[in-house]
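Please look through the sequence and the model below before reading on. The paragraphs that follow go from the whole chain to single residues.

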Amino acid sequence: MVLRPPVTPMLAQARETVPAPGALPGEQRFQPKWDGYRALVFTPWPPSPGPLLLQSRRGSLLHSRFPDLVTAAAHLPDGLVLDGELVVWAQGQMSFEALQRRAASSGRTAARLAVETPAHFIAFDLLQLDGQELLHVPYGERRATLEHLFVDRELRAPWTLCPETTDVAVAQEWLASWTQVPGVEGLVIRGSDQRYRPGARALYKVRRRETTEAVIGAVTGTVRRPRTLVLGRLDAAGALRPVARSTPLRPEVARDLAERLMPAQPDHHPWEGVRFTTSWGSRTSLDVVLVEPDLVAEIAVDTALERGSWRHPVRFARLRLDITVANVPPFGAGAGGPARG
């Protein structure tokens, strides 16, 4: 059966650390985890003519927004399906913000952005070749075929073969050093004997996390039963800017915080009238309760920092009762080491 969109990609479940050998079928294969858009590339297969199709993780077709990739599809064989990550290069580095602009563009704007901020497709799996689907083929064989495809076709940018290693020490080095580069978040781990299971969370992912500090400015739930924290940092003008929302608090943590949080005085909170959303890029409103912004939280964050804010939920580690709001790293500083002072 020839694969056609939509195909639900195989997904990964989060792990705190690199799993021990044997956690996945076969030999462990490590790849960088890219901070882009998961996408599938489909080239036409007779008798169905047409351009390259670019499908998002959720099944939407994006190729009209990335005409540079459609043009570059001339280098790809017919009947091909690649699984990979769509990234955009801007100002000498990968930029998620530029990728978002391109994904929302159309027509002349899409054509202009294709020149200004070119897209790249980082291929990490092969689902079909010459019209023959490979979902049942073990990953190690699919990877070998993918590597041969890049060599035989002499594929170059915007088509990129995702680096891979079987060496745990090398993978740990990638996790420590490569994640210092914008656009790389951590590791994805696969098993060489794994079949491709659309929609299944059968892979593992490990994000690099660091600890830093932020100010508790609001909560979801109630002050006496907080569910999550909304956190902020002071900008250069001394204004408290939202930077993150936490994952759900553990019950014992919520009880401890409830004893220390104080409701904000009416009309005195810097976030009075600010509209919050449920997640980065969402338009769904989030109901919050403003609290006095005088408590500092130590949080564990990943590398997905955009315009001074973390796109993914952060994890509350502990209260920093030993420092004040003035000691917290400034807005836009990232993790950046310990608090000031």
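**A guided reading of the model**

The 41 positive and 36 negative charges of the protein have mean positions that lie 4 Å apart, where Lys and Arg count as positive, Asp and Glu count as negative, and His and the chain ends are not counted; each charge is placed at NZ of Lys, CZ of Arg, CG of Asp or CD of Glu. This is a predicted model, in which local features need pLDDT of at least 70 and side-chain atom pairs count only at pLDDT 80 or more, while totals for chains, interfaces and linings use all residues. Residues are numbered from 1 along each chain as its sequence is written, and side-chain values use heavy atoms, with hydrogens and water left out.

The protein has 6 helices and 21 strands, taken as DSSP runs numbered from the N terminus (helices H or I, at least four residues; strands E, at least two). Its radius of gyration is 22 Å, close to the 20 Å that the globule rule gives for 341 residues, so the protein is as compact as a globular protein of that length; the radius is taken over C-alpha atoms, and the rule is 2.2 Å times the number of residues to the power 0.38. Along the principal axes, the C-alpha trace spans about 70 × 50 × 30 Å.

Of the 341 residues, 50% are buried, a term that stands for under 20% relative accessible area, with exposed meaning over 50% and partly exposed in between (1.4 Å probe, protein chains only). Among contacts (heavy atoms within 4.5 Å) with a separation of 6 or more, 70% come from residues 24 or more positions apart.

The structure also holds 4 aromatic pairs, that is, rings of Phe, Tyr and Trp (its six-membered ring) with centres within 6.5 Å, counted as stacked when the planes are under 30 degrees apart, edge-to-face when over 60 and tilted for the rest. One of them joins Y37 and F96, whose ring centres are 5.7 Å apart and whose planes stand at 75°, so the pair is edge-to-face. This pair links distant parts of the chain, since Y37 belongs to strand β3 (residues 37-42) and F96 to helix α2 (residues 96-103), 59 residues apart. Y37 is partly exposed, at a relative accessible area of 24%, whereas F96 is buried, at 11%. Another edge-to-face pair is formed by F121 and W159, with 6.0 Å from centre to centre and 65° between the planes, and both residues are buried.
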